[in-house]
Amino acid sequence: FDGNQDGKLNKEELMALMRAVNPHMAFTGDHLQAIVTEVFSMFPGGGGCRLRGCWPLTRQMTPGT
């Protein structure tokens, strides 16, 4: 899904991934944009989701949670 091969997912690439992994979910454009905006607000500088770990909260979670 990293179409420009920069090692991270931009908002459009993340929306494409969300649609692909949730094919039965009827996302509206506004719904997807709201989700992606929320995810990107968790990253300093809004640089995108790095492919090695897109979800920043995983570093704060303990095993088994």
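Which element of the protein chain has the lowest mean pLDDT, and which the highest? Colour your view by pLDDT (the predictor's confidence in each residue, from 0 to 100): strand β2, residues 49-50, has the lowest mean at 63, while α1 has the highest at 90. Helices (H or I, at least four residues) and strands (E, at least two) are DSSP runs, numbered from the N terminus.

Now select residues 55-65, where the pLDDT is below 50. Beyond near neighbours in sequence, this stretch has five contacts (heavy atoms within 4.5 Å) in the model. The chain as a whole averages 75, and 66% of its residues score at least 70.

A word on the ground rules: this is a predicted model, in which local features need pLDDT of at least 70 and side-chain atom pairs count only at 80 or more, while totals for chains, interfaces and linings use all residues. Residues are numbered from 1 along each chain as its sequence is written, and side-chain values use heavy atoms, leaving out hydrogens and water.

Next stop: E13, in helix α1 (residues 11-21). E13 is buried (under 20% relative accessible area, with a 1.4 Å probe and protein chains only; exposed is over 50%, partly exposed in between). Leaving aside residues up to four places away in sequence, E13 touches F1, D2, G3, N4 and K8.

Then pick Q5, in the segment before β1 (8-9). Q5 is not a glycine, yet has a positive phi of about 50 degrees. Q5 is exposed, with a relative accessible area of 70%.

Terms used
Lys and Arg count as positive and Asp and Glu as negative; His and the chain ends are not counted. A salt bridge is a side-chain nitrogen of Lys or Arg within 4 Å of a carboxyl oxygen of Asp or Glu.
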